[in-house]
Amino acid sequence: MEMKDRSLEGKPAIRCEGVEVVIRKKQVLRNVSFEVEAGRLAGLLGPNGAGKSTLLRLLTGLLPPDGGTVELFGRPAGPERLAEVSFLPDRGQLPVYLSAGEWLGFAAKLYPDWNRGRERELIEKLEIDRAKRIGSMSRGEEARLQLLTCLSREAPLLILDEPFTGVDLVSRERIASAVVGEMADGDRTFLIATHDIREMEQLFDCIVLIGDGAVKGAYDVDELRQAGRSVESCYREVFA
Amino acid sequence: MPPGRNWTTEDFRLDPSRPLYEQFTEQIRAMIAKGELAPGERLPSVREMASGLRVNPTTAMKTYQELERMNLIVTYRGQGTFVTREEEAIRRSRRQLAQEAVRQLTETARSLGLTPEQLWELAREE
Amino acid sequence: MKKWTDDPLFALEWSSARMALPLNARNGMIWAAAALTAVVVGVLLPDRVTPESIFACGAVIVALIASHYGLALSFGLWVNPFKDWWLMLPHPRESLIRSKLLAAVAKQMFASAAVWLVCLLATVVRIESGVYWTDPGAADRVPGDLLAYGLAYAAVSAVFGCFGFAVLGMNVGWRRWLLLPLALFVLPLYGLFPPVLGSAEAVQRTVSAGTVFFGSCAALLVAVPLWRGTIRFVTRYGLPELARYRSAELAVRNRKETIAAARFPVGGAGFRALLALERSRFRHLAALPPVRALAALLVLAAAAGGYRACAEPTGLLSLLSVVLMLAMWLPSVILSILNQTEANSRRIVWWLVLPFARRALLFARWTAVWTTVLRWAGGWLAGIAIGAAARWAAGGSVQLPWDRDGTTLLYLVAVIMGIGVMLSGTVLSQPASYRSPLAAWLFVPLSSLSSSAPFLVWQWLAPDRLLAEGVGPGDWRTAVLCAAGALALGGFGFSAGAKSLHLYLVNSREAVQRRTGAAWERRRPFS
């Protein structure tokens, strides 16, 4: 059982201000500023190459920004805060020579915030075959296993980078249901980067649109809909 | 008490340009009014609804709050959410639906320059 | 060449292969820096090393580079995301493989030419500085050496390049066992350095220009059918496998799709789990049948060596030194290959995001590699002991002047292990070379030095002298120096690497190729 850190109350889960990133003389992110409140499901939308993956790597603390600040729950992001963030990499791969069960055995010991109960629930929900070798899994199966690894932890912030790329329909629906199921308690924040809007449109609380390394807009989805616009139409307006 | 069925995406038709909770509220109200949801029938929890329909739990919560405000559903602590058994509330919602339908009919009639009755006659003409 | 570059398949392969070649200013400088370091090493070799020995050493290096490049190509092809596109090209399968092999060997020719130049320069410098005053004919032999060894390098690149490339066909079923004879061809190359550099009469006869010339002609004759055979072999057996399976690894591709019980018990949580994860990789590989067979063979070889070596008083000590040298050098090799392949694969992000300090991540990897290598070394030592015991039991003479050789052995162990620690620390500092161009320039000579380490250490330690004379106080001083140097340099390299670990993310081979490719197109020398 974890004790809720009282000092986290009221602080936004993610806060970026004036973030700049230059990789090999190319300006990948330019003056990026936005906020995501705790407990919300935020979407990071933008075309390919907009800088989404770089931004997410910044949030996990893997890359330091060249300018500006990145704060998670009020404190600066960095590799020492990895225990508070559960990150699903884009096109990542788990060790192919392990079976799903073996990997989960390791994961349970490697992640200090692993929740065995959740793991069991999710194995059923996501239909993971523990005996199957990761190298023999289809893309959909491996995607579900990777998501399970992320969701079985109790980290307060979950960042998913393109969780649906190349995944079959049924797996996608299972993944979306699982994500929603994890949200319902209200104490986890999700940031999902995707350019697959139709899948996730109904899930987002708020969206941040990013293109060419700059923030093109940040909206509360309910407000958008009150004004008669859908997330998709908003995206088209900004990017098309 | 065993839970009732959970909703699937087939049960609803959604327009992404309008607030989702409003649409869920309307359509669930219609289900109650038509009797597709029996009085006293148990509804899925907020979490189950969100998970089954793949919508944000906040949306599901707002939907139930609205429906509760309209007295169409009741939540009993520890037991779940149920369709109201109150006849009056259901009848009231049926009347509201009927009024809405008639209003639309009247609007269409007006746009054709007819009264609702004339519109009705016109439709039945061969 | 004109005809070949017109061939679209070859042009495609060449466009990728040439990106590492010294055809632009930046690569040219890197190659020059590495070559210069090698020349310096060559010049500083002991005086007794003849020009022919230097060239022969170069030949071994060329063989190693060629076979390793072929191997890397084979493994890389499995995980190459372009693989499926390539397989779908509407050309005969043999043409696909032929152009790939051709491009690989052409690339090797560049490397061989570089090595040839390095040997030439080192020899010339040595002659000019009067190293060979005892051997006045050395200068006259050089032109002959150049010719003979030029031919030799070409033959060796081709032959060993084919060997490495043939691994593509050895993924499944009975063909996996072919890896054994292949390993037996390639692995002993590492052991050739000390004898080749020796000044014994027999050795010098073997490496003289005449012998080498005829040997190369023979090798070239073998190379032609070998070339054709490799192409056919890979086309027939390798390509269908490539097409059939989605993910790479030799490891994964046996019949077992499911593993019912967990194979790797995880002791504790936290760091111990991390260590267990790193070791699971090695334990998995070690359980594969071809690897088990290879391991058994190596232990048998050690036993045979032990049996024979006990005949001479210094024999046992030399054999033990060989095992020690391997134990010193293997961890660095494994670590560098591991980091490189991990960096280019899609696994690295998961590794970096594990909730551990980066030093812990690196330390777990370092520990896992060292424990694995030390276990192997233990196995070989046991083999040697068994061989010696067998000789003793068979009534043969076993020369073990223990008290003197005891201290010598201790000394050797201390120095060599110290160097091993230093080397592995240096290897781990590789990501720090991505920080700035200066760091990258610093890293090139460092890594060239570390790959020639066993070779250097053997020369410098001069175990023959040690064995003859025993360990003196001067030697103990060097031992202490080594220990200090090991801790300092190794520790420093380790920290530098840990701090820069995240740079793997933006410097994977794919990312670098994207940048380099783009720069090439725009004709900019520095990207």
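Reader: How far apart are the nearest C-alpha atoms of chain B and chain C?

Author: They are 27 Å apart, and chain B and chain C do not touch. Here two residues are in contact if their C-beta atoms, placed from the backbone, lie within 7 Å. This is a predicted model, in which local features need pLDDT of at least 70, side-chain atom pairs count only at pLDDT 80 or more, and totals for chains, interfaces and linings use all residues. Residues are numbered from 1 along each chain as its sequence is written, while chains are lettered from A and ligands numbered from 1 in the order in which they are written.

Reader: Which chains share the most contacts?

Author: Of the two pairs of chains in contact, chains A and C share the most contacts. On the two sides, 34 residues of chain C are in contact with 33 residues of chain A.

Reader: Which element of chain C gives the most to that side?

Author: α12(C) gives the most, with six residues. Both α12 (271-286) and α15 (348-353) of chain C supply at least two residues each to the side that touches chain A. Helices (H or I, at least four residues) and strands (E, at least two) are DSSP runs, numbered from the N terminus.

Reader: And what classes of residue are there on that side of chain C?

Author: The side of chain C that touches chain A has 20 nonpolar, six polar and eight charged residues. In this scheme Ala, Val, Leu, Ile, Met, Phe, Trp, Tyr, Cys and Pro count as nonpolar, Asp, Glu, Lys and Arg as charged, and the others, Gly among them, as polar.

Reader: How many residues of chain A are in contact with chain B?

Author: There are 22 residues of chain A in contact with 14 residues of chain B. On the chain A side, two or more residues each come from α5 (169-183), α7 (221-226) and α8 (231-239). The largest share, six residues, comes from α5(A). By class, this side of chain A has eight nonpolar, seven polar and seven charged residues.

Reader: Let us turn to chain A itself. How many helices and strands does its secondary structure have?

Author: The secondary structure of chain A comes to eight helices and 10 strands. Its C-alpha atoms fill a box of roughly 45 × 40 × 35 Å, taken along the principal axes. Buried residues make up 52% of the 240 residues. A residue is buried if 20 or more other C-beta atoms lie within 10 Å of its own, exposed if 12 or fewer, and partly exposed in between, with C-beta atoms placed from the backbone.

Reader: Which residues of strand β6 are buried?

Author: In strand β6 (residues 85-88) of chain A, A:V85 and A:F87 on one side and A:S86 and A:L88 on the other are all buried, so both faces are covered. β6(A) pairs with strand β7 (residues 157-161) of chain A in the parallel sense over four bridges; two strands pair if DSSP finds at least two bridges between them. The bridge partner of A:V85 in β7(A) is A:L157.

Reader: What does A:I159 touch?

Author: Not counting residues up to four places away in sequence, A:I159 touches A:L56, A:L59, A:T60, A:V85, A:F87, A:L88 and A:L191. Together with A:A42, A:I159 has the most contacts inside the largest nonpolar core, which has 156 residues. Such a core is a set of buried Ala, Val, Leu, Ile, Met, Phe, Trp, Tyr and Cys residues joined through C-beta atoms within 7 Å. Helix α14 (residues 315-344) of chain C gives the most to this core, with 16 residues.

Reader: What is the order of the strands in the sheet of chain B?

Author: Three strands form an open sheet in the order β1-β3-β2, with antiparallel pairing. The edge strands are β1 (42-43) and β2 (73-76) of chain B, and each pairs on one side only. β1(B) pairs with strand β3 (residues 80-83) of chain B over two bridges. B:L43 stands opposite B:T81 in β3(B).

Reader: What is the mean pLDDT of chain B?

Author: The mean is 88, and 96% of the residues in chain B reach 70 or more. pLDDT is the predictor's confidence in each residue, from 0 to 100.

Reader: And what does chain C average?

Author: Chain C averages a pLDDT of 79, and 86% of its residues score at least 70. Over residues 247-253 of chain C the pLDDT is below 50. Where pLDDT is low, the predicted coordinates should not be read in detail.
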